[in-house]
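Have the model open as you read.

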Amino acid sequence: FEQKKLEIIGCYNKKVAYHDPCYLGRRNDIYNVPREILKRVPGLKLIEMEKTRDEAHCCGGGGVGLWMDFREIRMELQRADEAKEIGAEIIATACPICLQMLDSAVKSRGYPIEVRDIAQILQDFIK
């Protein structure tokens with residue numbers, strides 16, 4: 001963005017909650033960059049769920065969590081519930097496993113929330 005190689009056009013006009021993936025966040029300590037990218041989309045209102053950054057709930061799908069089933073915890077359903085509680089229209093993430101799990105969770109709950117990768121959001125607005 002700073003080098004002006006990407007120009008964002010249009011206006012998003014959506015409330016977006018960013019979900020911190022475990023490997024990008026807790027493993028690599030990258031929390032602010034995805035938020036800064038989202039904040040640059042005109043009209044996008046970034047809202048935060050209760051648990052964020054290093055305290056965010058994540059499935060651990062990038063590690064062994066993908067093959068473990070914690071029936072009493074169901075982190076993806078908890079995240080979907082948190083997003084609904086704060087009025088999110090979109091849950092954005094930067095992990096394909098989180099994308100799939102959160103999409104399944106909002107559909108199983110019947111919530112009118114889209115789950116999108118940050119790249120999918122930007123794709124609609126980059127010139």
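## The helix pair

Helix α3 (residues 75-85) and helix α4 (residues 96-109) pack at about 65 degrees, their axes 8 Å apart. Axes here are lines fitted to C-alpha atoms over the stretch in contact, with angles running from 0 to 180 degrees between N-to-C directions. That makes α3 roughly perpendicular to α4 (the label covers 65 to 115 degrees).

On the α3 side, the contact (heavy atoms within 4.5 Å) is made by E76, L77, R79, A80 and D81, and on the α4 side by M101, L102, A105, V106, S108 and R109. Sorted by class, that's six nonpolar, one polar and four charged residues.

This is a predicted model: local features need pLDDT of at least 70, side-chain atom pairs need 80 or more, and totals for chains, interfaces and linings use all residues. Numbering runs from 1 along each chain as its sequence is written, and side-chain values use heavy atoms, leaving out hydrogens and water.

R79 belongs to α3 and is buried, at a relative accessible area of 1% (buried means under 20%, with a 1.4 Å probe and protein chains only). Its side chain makes a polar contact with the side chain of E82 at 2.8 Å; such a contact is a pair of N or O atoms within 3.5 Å, one able to donate a hydrogen and the other to accept it.

Key: Helices (H or I, at least four residues) and strands (E, at least two) are DSSP runs, numbered from the N terminus. Buried means under 20% relative accessible area, exposed over 50%, partly exposed in between (1.4 Å probe, protein chains only). Angles under 35 degrees count as roughly parallel, over 145 as roughly antiparallel, 65 to 115 as roughly perpendicular and the rest as oblique. Ala, Val, Leu, Ile, Met, Phe, Trp, Tyr, Cys and Pro count as nonpolar, Asp, Glu, Lys and Arg as charged, and the others, Gly among them, as polar.
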